[in-house]
Amino acid sequence: MAGEDAGGRGATMTVVRKLLLACCFACSLASAAPPYVLDDTEVRDVHAGALNRNYQVFVALPDSYRSSNRRYPVVFVVDANYAFPVARGIAQRLAKHAGLEEAIVVGLSYAKGDSPVYSRRRDYTPSMPRGQYVSDMPGRSAAFGEAQAYGHFIAADVFPVIATNYRADMSRKIFVGHSYGSLLGLQVLLSEPATFDHYILGSPSLWFDQGVMFDRERAYAKGHKDMPASVFFGIGGRETLPANRKRSRTEENADMVADLCDFDAALKTHRYPNLKSRLEVFADEDHASVFPLVLTHGLRAYLKKVK
């Protein structure tokens, strides 16, 4: 009987321990720290009909939006996973502390179901590159070259969402891209430049597909006498090629500073009446660090001082 009593007490203690553990786990869930949420931001789903893909747009409203009736210029920034909170913060600080206009900031997400690498390779690049690339998504071939179609998606599907739901001045749209994102911006600039009023293009990957954007620039010049746009180019001073390497338009041997200087010079040779182009090289910055500076100076080049 004593053994049976001990066994009963042991079983009871086991049940008690399990109940205590369950209670502790429930308490830990209840007291879990909440995520940090950016104030005055919204997320909207957007279906790309022509592409048969789904995206999201992240929208940050200016501080004065709820208390005013005015319309605001709109900053459209790609690579939103990284760039949206950066752009939101910089736009707010420039308005608060540098006296510049407030702006609505719109972040363009990667496609739902795609990895960031897969989505941006496909959506931001202008062509299928010569060379071998491995997909980062098992079971799916590497995809490139849909920048033209993605640009149409922005104009056809994203612009109406912003124009309908917000007090946006759609005559003052700003494009912001970096690296592959700048290739997308260049594709739009060289096909439908009036899509945006101002382009902020950081460290464009002009080496891509053996310099295909230089070919696109020459083709545009042959068929057009004007390019109605404002363009701010920015790049890090360290985005150069070591002296012991021979320059080429490949990812491994690209001198990105020299490439961008060549591209900007090519645009200027055509003397387009309504093109405003400016290039800044930021000393001691590299490809990873330069984006906030490019964005800051690019917005300063366009947004007006508030009197």
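1. The protein chain has eight helices and eight strands; both are DSSP runs numbered from the N terminus, with helices being H or I of at least four residues and strands E of at least two. This is a predicted model, in which local features need pLDDT of at least 70 and side-chain atom pairs count only at pLDDT 80 or more, while totals for chains, interfaces and linings use all residues. Residues are numbered from 1 along each chain as its sequence is written, and side-chain values use heavy atoms, with hydrogens and water left out.

2. Of the 307 residues in the protein chain, 49% count as buried, meaning under 20% relative accessible area with a 1.4 Å probe and protein chains only. Contact means heavy atoms within 4.5 Å. Among contacts between residues at least 6 apart in sequence, 72% join residues at least 24 apart.

3. Helix H2 covers residues 80-97, 18 residues in total, and reaches 24 Å from its first C-alpha to its last, close to the 26 Å expected at 1.5 Å a residue. The expected span is 1.5 Å times one less than the number of residues. Just after H2, Gly-99 has a positive phi of about 75°.

4. The buried residues of H2 are Ala-80, Ala-83, Phe-84, Ala-87, Arg-88, Ile-90, Ala-91, Gln-92, Leu-94 and Ala-95. Their cover includes strands S1 (41-48), S2 (53-60), S3 (72-77) and S4 (104-108), together with helix H8 (291-300).

5. The axes of H2 and H8 come within 10 Å and cross at roughly 45°. That makes H2 oblique to H8. Axes here are lines fitted to C-alpha atoms, for helices over the stretch in contact, and angles run from 0 to 180 degrees between N-to-C directions. Angles under 35 degrees count as roughly parallel, over 145 as roughly antiparallel, 65 to 115 as roughly perpendicular, and the rest as oblique. The crossing is right-handed, that is, the near helix is turned clockwise from the far one by less than a right angle.

6. On the H2 side of this contact are Tyr-82, Ala-83, Val-86, Ala-87, Ile-90, Ala-91 and Leu-94, which meet Phe-291, Pro-292, Leu-295, Thr-296, Leu-299 and Arg-300 in H8. By class, the contact of H2 with H8 has 11 nonpolar, one polar and one charged residues. Ala, Val, Leu, Ile, Met, Phe, Trp, Tyr, Cys and Pro count as nonpolar, Asp, Glu, Lys and Arg as charged, and the others, Gly among them, as polar.

7. Asp-79 sits in the loop between S3 and H2. Asp-79 is buried, with a relative accessible area of 8%. Leaving aside neighbours within four places in sequence, Asp-79 is in contact with Phe-84, Leu-108, Tyr-110, Arg-120, Tyr-124, His-178 and Gly-181. The C-alpha atoms of Asp-79 and Pro-116 are separated by 8.2 Å, and the two residues lie 37 apart along the chain.

8. Helix H4 (residues 147-165) and H5 have axes that come within 9 Å and cross at roughly 80°. H4 and H5 are therefore roughly perpendicular to each other. Ala-147, Gln-148, Tyr-150, Gly-151 and Ile-154 in H4 meet Leu-184, Gln-187 and Val-188 in H5. By class, this contact has five nonpolar, three polar and no charged residues.

9. In helix H7 (residues 256-269), the buried residues include Asp-259, Phe-263 and Asp-264. Their cover includes helix H5 (180-189), helix H6 (208-223), strand S7 (229-236) and strand S8 (275-282).

Technical notes. Buried means under 20% relative accessible area, exposed over 50%, partly exposed in between (1.4 Å probe, protein chains only).
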